[in-house]
Amino acid sequence: MATTVRITMFLLLAFISVVAQNVTKIKAEEFHVGVVLDLGTTVGKVARTSISIAVEDFYAVHPNYTTRLVLHVRDSKHDDVQAASAANDSAQVNSIASVIKTYGWRKVVPIYIDNDYGRGIIPDLFNVLDGIDAHIPYQSAIDESATSEEITQELYKLMAMQTRVFVVHMSPSLGFLFFTKAKEIGMMSEGFVWIITDGLANLIDLLNPSAVEAMNGALGVEFYVPKSTELENFTMRW
């Protein structure tokens, strides 16, 4: 979801610039914007802080702008507002397809959390894989509230298939449980290929050591931000 945060910041800054340049500078004017985030998740908390910092940075660079953006943050309380960011996450499928093409894999099974966020990546994944002559013989949708036993049963089903290349697209909490079970039954060993999307890869540093150990051997797709003074200042403010 780090992709969502960065693109949200970019769009927000662009929006502020357009609004601020088209209002009179005679008196200050407040422009109210609603922000709906799942504040019970790490991604939601990161997004809230990042958006706030983006607003502060903009007005630090443009102190003479009289329009002032006022954010009204509301907690979605685990509603599927992540569906709105599904297009931001689907941007990574080209990178995933490049890896698959390089190694000549022809069958890929997507494993995803069964909600709007998880399902959102599937159409784009189908399209890019079709373009490299690879296909999806099976889709594994994991319920958000799946138990350890249910995940283990699904893993045994996957183990019995001929396909050994899997793309995992789910929340960090479910991903941790999933990979823990995959390791327990021997599916994190040689012969299996695991590719995790940026929703997991971007947050690995925030997970506990046991979670990182469970994912050892998986290949992660993560968006790269070049080092810069602005990035260093942003990191320090965090």
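In the predicted model, the largest nonpolar core comprises 26 residues, and those with the most contacts inside this core are I111, F179 and W194; a nonpolar core is here a set of buried Ala, Val, Leu, Ile, Met, Phe, Trp, Tyr and Cys residues joined through side-chain atoms within 4.5 Å, where buried denotes under 20% relative accessible area, exposed over 50% and partly exposed the range in between, with a 1.4 Å probe and protein chains only. At least two residues of this core are supplied by each of β3 (109–113), α7 (148–159), β5 (165–169), α8 (172–184), β6 (193–196) and α9 (198–201), with helices (H or I, at least four residues) and strands (E, at least two) taken as DSSP runs numbered from the N terminus. The largest share of this core, 4 residues, comes from α8. When neighbours within four places in sequence are left aside, F179 is in contact (heavy atoms within 4.5 Å) with V168, M188, W194, I196, L200, A214, M215 and A218. Another core, of 18 residues, lies apart from the largest one and includes I96, I100, I121 and I195.

Residues are numbered from 1 along each chain as its sequence is written, and side-chain values use heavy atoms, with hydrogens and water left out. Because the model is predicted, local features need pLDDT of at least 70 and side-chain atom pairs count only at pLDDT 80 or more, whereas totals for chains, interfaces and linings use all residues.

The axes of helix α4 (residues 93–103) and helix α6 (residues 122–131) come within 9 Å and cross at roughly 40°, the axes being lines fitted to C-alpha atoms over the stretch in contact and the angles running from 0 to 180 degrees between N-to-C directions. The contact involves V93, N94, I96, A97 and I100 on the α4 side and D124, L125, V128 and L129 on the α6 side.

Within α4, the residues V93, I96, A97 and I100 are buried. These residues cover an arc of only 100° around the axis, and they therefore lie on the same side of α4, the arc being that of the directions from the helix axis to the C-beta atoms. On the other side of α4, N94 and T102 are exposed, and just after this helix G104 adopts a positive phi of about 75°.

For the chain as a whole, there are 11 helices and 7 strands, and buried residues make up 41% of the 238 residues. Of the contacts in the chain with a separation of 6 or more, 78% are accounted for by residues 24 or more positions apart.
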